[in-house]
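Take a look at the protein below.

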Amino acid sequence: MAEIIFQSKVEAQTFYNHLLKYLPYNRDKETFLLLEDRHIVKILDDCLTMNMFSLVKTAFYDFITNIKRDEWFREIVAGHYYYEDVEEQQQIMEIIYSVLEGKREDLAVFLKETNDDTSFIKAAIHHIFQDNVSFSFDSFLKFRLRPYLHLLESYVEIAIDEYKMEQEYQMFVQMLRDFLTNREPKMDILHLLFDEEITFYNELLVEIKRGELTRMIDRKLLVNHPVYVDSVSIAPLLSLAPTTIFIYTKEPEEPLVRTIKNIFEERVTIKTFEDLREMKQWVANNNSSENHG
């Protein structure tokens, strides 16, 4: 027999309901009980087969790593970092889940010992269910699963750092959009080639040399926003404020391309290297026709 003592009636009820998903309820031969007044879920292992007892341990593991994990994440976000706004919490949780689901390897590299958390929890559960025991769920967490709780704190810390960076990035993009709002375009069409370095071309596909670009930069940009605006790409683009920007790249999702798209929005069209070759050929043929004419 095992008794799991919870801190609240709601928590005990939640685990009891969770168990029902794993073990069929049998009125004639009860396998587990909910003692609501004492916040206890009692496992009657005398009535359990080995397979059913294994299901109990699986249910307890899933209760910890799914149901309770979400609660703990939110408690850490609100209690340790004071993000009490529901919408902010949700955005942070989405970042956490993107790491958990393997979608953010760039963030996962900052986590330590992430691969062994599941086996560690299973071992702790197996150990505590060995004998007839009565144990407090909170004590089990405190003394057996402390490393797991520390791991959850690491996920939250990384997600909050990323959330802050994303907020700063959105402010940066909006600031530059505001700069563009009343700015008169200095060019109608600009072509940008993203290869080993960034090359600017005018509407006739004549390269704009670096020195010429530097002279075009609005100095107010570098004075007012020296940290945010890089003088090689963003500053010339904002200074020229072209009506249309064609970007030729093999990596449409690389950070700088995405930033230009976010700032200039509908002005940007993404194209391939092949498109640029065809455009250059078209310009060359037109120039040849005009010369012969």
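Contact here means heavy atoms within 4.5 Å. What you're looking at is a predicted model, where local features need pLDDT of at least 70 and side-chain atom pairs count only at pLDDT 80 or more, while totals for chains, interfaces and linings use all residues. Residues are numbered from 1 along each chain as its sequence is written, and side-chain values use heavy atoms, with hydrogens and water left out. Helices (H or I, at least four residues) and strands (E, at least two) are DSSP runs, numbered from the N terminus.

**The largest pocket**

- Start with the largest pocket, which has a volume of about 430 Å³.
- What counts as a pocket? On a 1 Å grid over the protein atoms alone, it's an open set of points where a 1.4 Å probe fits, with protein on both sides within 12 Å along at least five of seven lines; lining residues have an atom within 4 Å of a point.
- The volume is the space filled by probe spheres set on the points, and grid points are joined across faces, edges and corners.
- There are 14 lining residues, and Glu 162, Met 165, Glu 166, Tyr 169 and Arg 258 are the closest to the pocket's centre.
- Helix 7 (146-181) and helix 11 (255-264) are the elements that give two or more residues to this lining, and helix 7 has the largest share, with eight.
- By type, the lining has five nonpolar, five polar and four charged residues. Nonpolar covers Ala, Val, Leu, Ile, Met, Phe, Trp, Tyr, Cys and Pro, charged covers Asp, Glu, Lys and Arg, and polar covers the others, Gly among them.

**Asn 262 in helix 11**

- Asn 262 sits in helix 11. Leaving aside neighbours within four places in sequence, Asn 262 touches Tyr 169, Val 173 and Arg 177.
- Along the chain, Asn 262 and Leu 176 are 86 residues apart, yet their C-alpha atoms are separated by 9.8 Å.
- Why is Asn 262 called partly exposed? Because its relative accessibility is 29%; buried means under 20% relative accessible area, exposed over 50%, and partly exposed in between (1.4 Å probe, protein chains only).

**Helix 3 meets helix 7**

- The axes of helix 3 (residues 86-100) and helix 7 come within 9 Å and cross at roughly 120°. Axes are lines fitted to C-alpha atoms, for helices over the stretch in contact, and angles run from 0 to 180 degrees between N-to-C directions.
- Helix 3 gives residues including Ile 92, Ile 95 and Ile 96 to the contact, while helix 7 brings Tyr 155, Ala 159 and Glu 162, among others.
- The contact residues divide into ten nonpolar, two polar and three charged.

**Two buried residues**

- Glu 11 is in helix 1 (residues 9-20), and it counts as buried because its relative accessible area is 11%. Beyond neighbours within four places in sequence, Glu 11 contacts Phe 6, Phe 63, Lys 68, Phe 137 and Asp 138.
- Thr 199 is in strand 6 (residues 198-201), and it's buried too, with a relative accessible area of 12%.

**Positive phi in the loops**

- His 39 isn't a glycine, but its phi is positive, near 60°. You'll find His 39 in the loop between strand 2 (32-35) and strand 3 (40-43).
- Tyr 82 isn't a glycine either, and its phi is about 65°. Tyr 82 lies in the loop between helix 2 (50-79) and helix 3, and it's exposed, with a relative accessible area of 64%.
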